[in-house]
Amino acid sequence: MKKVFTLLLLTVIGATQAQQAFKGKGDTKVNIGANLQNDGSGIQASIDFGLAENFSYGFVANYLLGVNEFSGIYNSETFTNEKPDFKDRFDAKFRINANLGTVFNIDEKLDLYPGLSLGLKNFGGHVGGRYFFTEGFGVFTELGFPIAKYNNDNDIFDHLNNQVTFSLGASFNL
């Protein structure tokens with residue numbers, strides 16, 4: 001909860017101090033960075049395409065590299081040093097964003113965007129921001145969260161792509 005509060009506080013402060021970077025229809029943004037969550041960390045890559053002045057769609061994929069092994073009893077089964085398979089580590093999503101820079105009339109270097117995503121593991125949402133230092137290079141941060149899981153599988157690694165995630169990294173304007 002402290003992480004969520006800190007991220008929201010930084011986003012609000014950033015919104016009052018920084019600027020917008022989304023140009024609307026025809027704009028393309030690529031993000032590459034780290035994905036941090038409970039029991040694992042990995043890489044995230046996304047691409048967003050502008051459809052209108054304040055609307056974009058895109059795709060995002062994550063792969064968890066560092067995942068904690070599980071040893072113990074889960075659903076009355078005993079596990080020793082269990083590691084997740086590829087299907088447990090990977091997730092891909094289609095997403096839509098509301099790019100709010102012009103709505104809030106903030107400067108041109110910051111792009112704030114809440115959105116929804118439809119992925120392999122769940123239906124979810126995200127809140128993010130991109131700040132561009134130059135025309136083509138900037139940084140991004142995102143907070144992703146599940147809204148609804150597709151199934152009730154109770155596998156020991158189902159939580160890996162069905163929890164709150166925090167991402168940060170580099171953003172490129174193509």
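Predicted model: local features only at pLDDT ≥ 70, side-chain atom pairs only at ≥ 80, totals over all residues.

Me: Is Asn35 buried or exposed, and why?

Reply: The general idea is to compare the relative accessible area with a cut-off: under 20% is buried, over 50% is exposed, and values in between are partly exposed. Asn35 is buried because its relative accessibility is 0%.

Me: Which residues does Asn35 touch, once those up to four places away in sequence are set aside?

Reply: Its contacts include Gly40, Ser41, Gly42, Ile43 and Gln44. Asn62, Leu64, Thr165, Phe166 and Ser167 are also touched by Asn35.

Me: Strand 1 also holds Ile32. How should I read the accessibility of Ile32?

Reply: The same cut-offs are applied. Ile32 has a relative accessible area of 48%, so it is classed as partly exposed. Beyond four places in sequence, Ile32 is in contact with Gln44, Phe140, Gly169 and Ala170. The C-alpha atoms of Ile32 and Phe172 are 8.5 Å apart, although 140 residues separate the two in sequence.

Me: Where does Arg130 lie, and which residues are in contact with it?

Reply: Arg130 belongs to strand 8. It counts as buried because its relative accessible area is 0%. Leaving aside neighbours within four places in sequence, the contacts of Arg130 include the charged residues Lys29, Asp48, Arg95, Lys109 and Asp111. Others among them are Asn31, Asn99, Leu110, Tyr113, Val139, Phe140 and Ser171. Phe140 lies ten residues from Arg130 in sequence, with 4.2 Å between their C-alpha atoms.

Me: How does one read Phe94, and why is it placed in its accessibility class?

Reply: Phe94 is found in strand 6. Its relative accessibility is 36%, and therefore it counts as partly exposed. Apart from residues up to four places away, Phe94 touches Tyr57, Gly58, Phe59, Leu116, Ser117 and Leu118. Ile47, 47 residues away along the chain, has its C-alpha atom 9.9 Å from that of Phe94.

Me: What should I look for in the backbone angle phi?

Reply: Most residues other than glycine have a negative phi. Asp39 has a positive value, near 65°. It sits in the loop between strand 1 and strand 2, and it is partly exposed because its relative accessibility is 37%. Asn105 also has a positive phi, near 55°. Its place is the loop between strand 6 and strand 7, and at 69% relative accessibility Asn105 counts as exposed.

Me: What lines the largest cavity?

Reply: Its lining has 20 residues, and those nearest the centre are Asn62, Lys93, Gly144, Phe145 and Thr165. Strands 3, 6, 8, 9 and 10 each supply at least two lining residues. The largest share, five residues, comes from strand 9. By class, the lining has twelve polar, four charged and four nonpolar residues.

Me: Which residues make up the largest nonpolar core?

Reply: A nonpolar core is a set of buried residues joined through side-chain atoms within 4.5 Å. The largest here has six members: Leu64, Val67, Phe79, Ile156, Phe157 and Leu160. Setting aside residues up to four places away, Ile156 touches Phe70, Tyr74, Phe79 and Glu82.

Me: How may these details be placed in the architecture of the protein?

Reply: The protein contains two helices and ten strands. Along the sequence their order is α-β-β-β-β-β-α-β-β-β-β-β. Of its 174 residues, 41% are buried. Among contacts with a separation of 6 or more, 60% join residues 24 or more positions apart.

Methods. Residues numbered from 1 in each chain as written. Heavy atoms only, no water. Helix = DSSP H or I, 4+ residues; strand = E, 2+ residues; numbered from the N terminus. Buried < 20%, exposed > 50% of the residue type's maximum accessible area, 1.4 Å probe, protein only. Contact = heavy atoms within 4.5 Å. 1 Å grid on protein atoms, 1.4 Å probe; cavity = no way out; pocket = protein on both sides within 12 Å on 5 of 7 lines; lining within 4 Å.
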